[in-house]
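Colleague: I have a model open and want to go through its contacts. Can you take my questions as they come?

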Amino acid sequence: DDLSQNKKDLIEIRDEEARVSADYRKSRLIEKQREGEVNEAENNLTTAEEARKDAENAREALEDEAGKLENDIANGDDEVKGRTEKLGSLNEHKAGLEKDLEETEPETEKHGEISRELADTISNISMEEVAIAKATEKLAADRIKADKNKKQVEAATEAAEQADNNVNLKRDELDKAVDAV
């Protein structure tokens, strides 16, 4: 009887040992799976943080460009204003020379001096008009670039915010995976 009871006890012990061994293998498998989930979550977080950094860098570069464009526009405005004032002065000087020329006897030395100065002034007026046209054209192009840049900055800011939200989401996923382990 004792031998039979011992055999039954031994069978129960072996069955329990098999269940414990199976549970252990199952828990090790789950642990490895969870560790893989943690590693994947860490990788996803790293990728999301890199994407956020790239988005921030892009936004900062666009904001730097916006600052440069604002300076270019301000300088262009100043240049056009200055050249326009200079053109006004040249036109006034031209009008004065034309009046002096009318009041001076033809074929005199003074008439010749006034004629040469008038020709130089007319040449300077033409050069100034060309310079104003070029500066105005550049200013218009800079304003178009600034408008485009503003839209790009807005898009980059939105992308950076989305990247930041994604980082927070990936951090939460990592926390959940760590808690599960």
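This is a predicted model: local features need pLDDT of at least 70, side-chain atom pairs count only at pLDDT 80 or more; totals for chains, interfaces and linings use all residues.

Colleague: Where in the chain do R83 and E128 sit?

Modeller: R83 is in helix α1 and E128 is in helix α2, 45 residues apart, so the pair links distant parts of the chain.

Colleague: And E128, buried or exposed?

Modeller: E128 counts as buried, because its relative accessibility is 5% and the cut-off for buried is under 20%. R83 is partly exposed, at a relative accessible area of 27%.

Colleague: Which residues are in the network with R83 and E128?

Modeller: Salt bridges with shared partners join E79, R83, K86 and E128 into one network.

Colleague: How many salt bridges does the structure hold?

Modeller: It holds 14. Among them is E16 with R19, where the N to O distance is 2.4 Å.

Colleague: How far apart are E16 and R19 in the helix?

Modeller: They are three residues apart in helix α1, which means a separation of about one helical turn. E16 is partly exposed, with a relative accessible area of 38%. R19 is partly exposed too, at 46%.

Colleague: What about R59, which partner does it have?

Modeller: R59 forms a salt bridge with E56, and their closest N and O atoms are 2.5 Å apart. Both residues lie in helix α1, three residues apart, about one turn of the helix.

Colleague: Is R59 buried or exposed?

Modeller: R59 counts as buried, because its relative accessibility is 16% and buried means under 20%. E56 is partly exposed, with a relative accessible area of 25%.

Colleague: Changing topic. What is the angle between α1 and α2?

Modeller: About 165°, with the axes 4 Å apart. Helix α1 covers residues 2-103 and helix α2 covers residues 109-180. That angle makes α1 roughly antiparallel to α2, because angles over 145 degrees count as roughly antiparallel.

Colleague: Left-handed or right-handed crossing?

Modeller: α1 passes α2 in a left-handed crossing. The residues of the contact between α1 and α2 divide into 34 nonpolar, 14 polar and 28 charged.

Colleague: Which residues are in the largest nonpolar core?

Modeller: There are seven: V38, A41, L45, A48, V167, L174 and A177. Each of α1 and α2 supplies at least two residues of this core. The largest share, four residues, comes from α1.

Colleague: One more, S89. Which helix is it in?

Modeller: S89 is found in helix α1. It counts as partly exposed, at 46% relative accessibility.

Colleague: What separates S89 from D147?

Modeller: Their C-alpha atoms are separated by 34 Å, and the two residues are 58 residues apart along the chain.

Colleague: Back to the contact that opened this chat. Can you restate it?

Modeller: R83 belongs to helix α1 and E128 to helix α2. Of its two ends, E128 counts as buried, whereas R83 is partly exposed.

Technical notes: Residues are numbered from 1 along each chain as its sequence is written. Side-chain values use heavy atoms; hydrogens and water are left out. Axes are lines fitted to C-alpha atoms, for helices over the stretch in contact, and angles run from 0 to 180 degrees between N-to-C directions. Angles under 35 degrees count as roughly parallel, over 145 as roughly antiparallel, 65 to 115 as roughly perpendicular and the rest as oblique. A crossing is left-handed if the near helix is turned anticlockwise from the far one by less than a right angle, and right-handed if clockwise. Ala, Val, Leu, Ile, Met, Phe, Trp, Tyr, Cys and Pro count as nonpolar, Asp, Glu, Lys and Arg as charged, and the others, Gly among them, as polar. A salt bridge is a side-chain nitrogen of Lys or Arg within 4 Å of a carboxyl oxygen of Asp or Glu. Buried means under 20% relative accessible area, exposed over 50%, partly exposed in between (1.4 Å probe, protein chains only). A nonpolar core is a set of buried Ala, Val, Leu, Ile, Met, Phe, Trp, Tyr and Cys residues joined through side-chain atoms within 4.5 Å.
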